[in-house]
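These are my notebook entries on a few sites that I looked up.

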Amino acid sequence: MTLLSHPPRIRSAALGELGTCRTYDVLPTMAFVHPYQIYTTAAVANMRWLFTGGEDGYIKKWDFFATANGKQQLTQGQRHAYVDSVTKAGVLASYWDHSDLSPSGNDMMSPVYSMDVQSEGMWLASGMKSGRIALWSVRHDEGRRISLLSKHRKPVSVLRISPDEFGLVSGSWDRAVLYWDLNSGKLARAFAGHTSQISSIEFQPTWSYDKFKAQQRASPPGTASTSSSPNVNGQGGDSGDGNGDDAAAAAGEPFDANHAAPVLMTTSIDGQCLLWDMRAPNPLPHSFATPRKTPPWATVACWGRDGKHVYVGRRNNTIDEYDFAMATNPVRSLRLPMNSGPVTALAALPNGHSLVCASTDNVRMWDLSYPADRRSAIPFQIIPGHHGGTVSSVLLDESSRFMLTTPGNRGWEGTSNNAFLGYEISPAA
């Protein structure tokens, strides 16, 4: 497995006080005019290029720098649909057909159900209705289909590039979660255990720039490494002392949020939330229990920035918070107003206790600094801009200066208001 033999990419840290401030001011300033539902979005590491895909069957490339700098303004008629602070218009750089192979061998258009892009914008992966995964050239010969990966039988609902960027994890409506080796284009591993359509996939954020530098100081160049090469079945080989980071995990081994081998979290639409140790050939005997009287639903889940908490959005207007190492039952449940609608998108902010959630009525930011046993309600604030539509994703850039919300139901249920908004984030005074 590639991520056991390649180091993870170093992610940028939050900018300035954004990683330590008490709370944030989140203000919508940008609107990207898009007449169709957007099922998925992805951006390069520095946010230079932004990509969207949806029901219209096109992959669109946006110039985010030009948009944020106000190169193009919304017309007066367009501004009437948004709050007063939204004045900048999205700058569309290019687009191309999301073409798939028909049974006859000819190209046909396919909705873009999922997407992820390499951090420097060299290539992009997209999920098709047929179950194929397409790899596209972006930096050179833009829009050229490089390869097709075929194994899924139904639409590919989630794609995540592995932390080392040599692998790709896919989830589909056929209930399968697959790990692809992008060096060979072959299937490296399959994760069996879900009983419904896959709704989200996230790697535990165990690596950061600070942790990487600390490890470099602890293990300077020239010292012996305990890591080893993976076996053909994806298990780490034995380094001799049995304590290497790539050694296969034993059954029941406790979680270590600082371990070099990441943990993968997957959720399915029926409410399952499973954890997988990427060193072990079998899934971890650890899953998060669904609370009683909770309808089967989980369209989204995300990690806290410290990798110690997991948040799962439910259909019954709640968000369940789980402690990664302590228990399988929720630590607490955040309850939205009854008429808010299902929680369809989540994102954790870098201060460690602010959580953005999107539901049909609004986008909210919760303050989780209060203890879990607090008897009164956990406070939240409403982020202006979105109202009255299903949000398919909330995207934060690595520096946490910008946030994007995209409208769409990802092929499931819900209506869209076509309000694709960009927000600027700053520490609250």
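Entry 1. In this predicted model, I found a polar contact of 2.4 Å between the side chains of Asp-164 and Ser-162. I placed Asp-164 in the loop that runs between strand S13 (156-161) and strand S14 (167-172). I then looked for a charge partner: Asp-164 is buried but has no salt bridge, and Arg-9, the nearest side chain of opposite charge, is 9.6 Å away. Beyond four places in sequence, I listed the residues that Asp-164 touches, among them Thr-2, His-6, Arg-9 and Tyr-179.

Entry 2. Tyr-39 and Tyr-113 form a tilted pair, with 5.5 Å from centre to centre and 35° between the planes. This pair links strand S2, which holds Tyr-39, to the loop between strands S8 and S9, which holds Tyr-113, 74 residues apart. I noted both Tyr-39 and Tyr-113 as buried.

Entry 3. I recorded Trp-173 and Trp-412 as stacked, because their planes lie at 20° with the ring centres 6.1 Å apart. Trp-173 is in the loop between S14 and S15 and Trp-412 in the loop between S29 and S30, so the pair ties together parts 239 residues apart in sequence. Both Trp-173 and Trp-412 are buried. I also noted that ring pairs join Tyr-39, Tyr-113, Trp-173 and Trp-412 into a cluster.

Entry 4. Which charged ends sit over the ring of Trp-49? I found that of Arg-48 at 4.2 Å from the ring centre and that of Lys-61 at 4.1 Å.

Notes:
Residues numbered from 1 in each chain as written. Predicted model: local features only at pLDDT ≥ 70, side-chain atom pairs only at ≥ 80, totals over all residues. Heavy atoms only, no water. Helix = DSSP H or I, 4+ residues; strand = E, 2+ residues; numbered from the N terminus. Buried < 20%, exposed > 50% of the residue type's maximum accessible area, 1.4 Å probe, protein only. Lys, Arg positive; Asp, Glu negative; His and termini not counted. Salt bridge = Lys/Arg side-chain N within 4 Å of Asp/Glu carboxyl O. Polar contact = N/O pair within 3.5 Å; in protein donor to acceptor, adjacent residues only side chain to side chain. Contact = heavy atoms within 4.5 Å. Phe/Tyr/Trp six-rings, centres within 6.5 Å; stacked < 30°, edge-to-face > 60°. Lys NZ or Arg CZ within 6 Å of the ring centre and 35° of its normal.
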